Amino acid sequence: DEQNFPVDELLLFGSKRSAGRTYKFRGKDSAVRELCHNDDFKGVDIAFTSAGAGTSKEFAETITKYGATMIDNSSAFRMDDDVPLVVPEVNGDDAFNAPRHIIANPNCTTIQMVVALKPINDLSPISRVHVATYQAASGAGMDELVNQYAELGAGKDATVEKFAYQLAYNVIPHIDVFQDNGYTKEEMKMYNETKKIMHAPKLDVSAMCVRVPVMRAHSEAIWVETERPISVD
């Protein structure tokens with residue numbers, strides 16, 4: 001709404017639990033429909049989906065069968081060869097080659113990194129990237145962080161459910177599950193997605209992802225090596 005996105009008709013879809021809930025958009029009430037395998041997407045131009053990889057995979061054919069373009073926020077299709085992985089400021093033209101009518105957007109940490117890498121890469125191709133991310137609780141469970149601070153302040157043990165360890169007064173170099181190569185799944189997302197978005201299969205990428213005890217705002221420290229020297233000027 002703030003961006004004045006051109007919408008003739010807004011359709012909202014959700015789970016059975018969410019169906020019937022009403023949201024106001026530009027002065028009109030829109031009721032949530034239950035997402036089902038039917039013809040509800042007939043006539044839809046663009047479908048923004050953010051309900052997890054399993055839901056995206058299950059409903060992709062239903063959403064796109066009448067020509068709607070599905071812009072998906074999950075990890076379901078990011079590395080599929082026939083699905084563009086797009087950050088508009090970096091590789092926006094890739095969005096126009098979407099044979100399955102699906103466009104994926106990357107992991108949040110990858111997005112902010114490639115936006116910073118793009119203007120450098122335009123000056124000289126980047127050959128190597130090392131990145132350390134410092135990721136807020138918003139990526140996994142802000143309520144748990146707040147509760148942990150309250151519990152510890154009251155002299156109790158911190159309840160740990162969403163994070164690998166206690167996050168309050170702590171940092172955790174462990175986001176998502178570890179892979180056979182010793183990197184976590186989050187770190188491998190940055191490795192694979194960066195290469196695809198930058199159209200640089202030979203680019204060396206190494207990531208270290210750390211959860212930090214703040215509510216919001218992921219941050220990153222990036223070390224970049226270019227093929228040719230680049231001055232500040």
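**Fold, pocket and selected residues**

Author: Of the 233 residues in the chain, 35% are buried, where buried means under 20% relative accessible area, exposed over 50% and partly exposed in between, with a 1.4 Å probe and protein chains only. The model is predicted, and local features need pLDDT of at least 70, side-chain atom pairs count only at pLDDT 80 or more, and totals for chains, interfaces and linings use all residues. Residues are numbered from 1 along each chain as its sequence is written, and side-chain values use heavy atoms, with hydrogens and water left out.

Reader: How many helices and strands are in the chain, and what pattern do they follow along the sequence?

Author: Helices (H or I, at least four residues) and strands (E, at least two) are taken as DSSP runs and numbered from the N terminus. On that basis the chain has five helices and nine strands, and read along the sequence they give the pattern β-β-β-β-α-β-α-β-α-β-α-α-β-β.

Reader: Among contacts between residues at least 6 apart in sequence, what percentage join residues at least 24 apart?

Author: A contact here means heavy atoms within 4.5 Å. Counting those contacts in the chain between residues at least 6 apart in sequence, the part that joins residues at least 24 apart is 55%.

Reader: What is the volume of the largest pocket, and which elements give two or more residues to its lining?

Author: On a 1 Å grid over the protein atoms alone, a pocket is an open set of points where a 1.4 Å probe fits, with protein on both sides within 12 Å along at least five of seven lines, and lining residues have an atom within 4 Å of a point. The volume, which is the space filled by probe spheres set on points joined across faces, edges and corners, is about 940 Å³ for the largest pocket. Of the 30 residues that line this pocket, the closest to its centre are Leu10, Leu11, Ile46, Ala47 and Phe48. The elements that give two or more residues to the lining are strand 1 (12–14), strand 4 (46–49) and helix 1 (53–64).

Reader: Where is serine 138, and which residues does it contact beyond its neighbours within four places in sequence?

Author: Serine 138 sits in the loop between strand 7 (126–135) and helix 4 (142–153), and its relative accessible area of 38% makes it partly exposed. The C-alpha atoms of serine 138 and histidine 218 are 8.7 Å apart, although 80 residues separate the two along the chain. Leaving aside neighbours within four places, the contacts of serine 138 are Met215, Arg216, Ala217 and His218.

Reader: How many disulfides are in the whole structure, and how far is the sulfur of cysteine 108 from the nearest cysteine sulfur?

Author: A disulfide is a pair of cysteine sulfur atoms within 2.5 Å, and the search of the whole structure finds zero. For cysteine 108 the nearest cysteine sulfur belongs to cysteine 209, at a distance of 9.1 Å.

Reader: Is cysteine 209 buried or exposed, and what is its relative accessible area?

Author: Cysteine 108 counts as partly exposed, at 37% relative accessibility. Cysteine 209, by contrast, is buried, because its relative accessible area is 0%.
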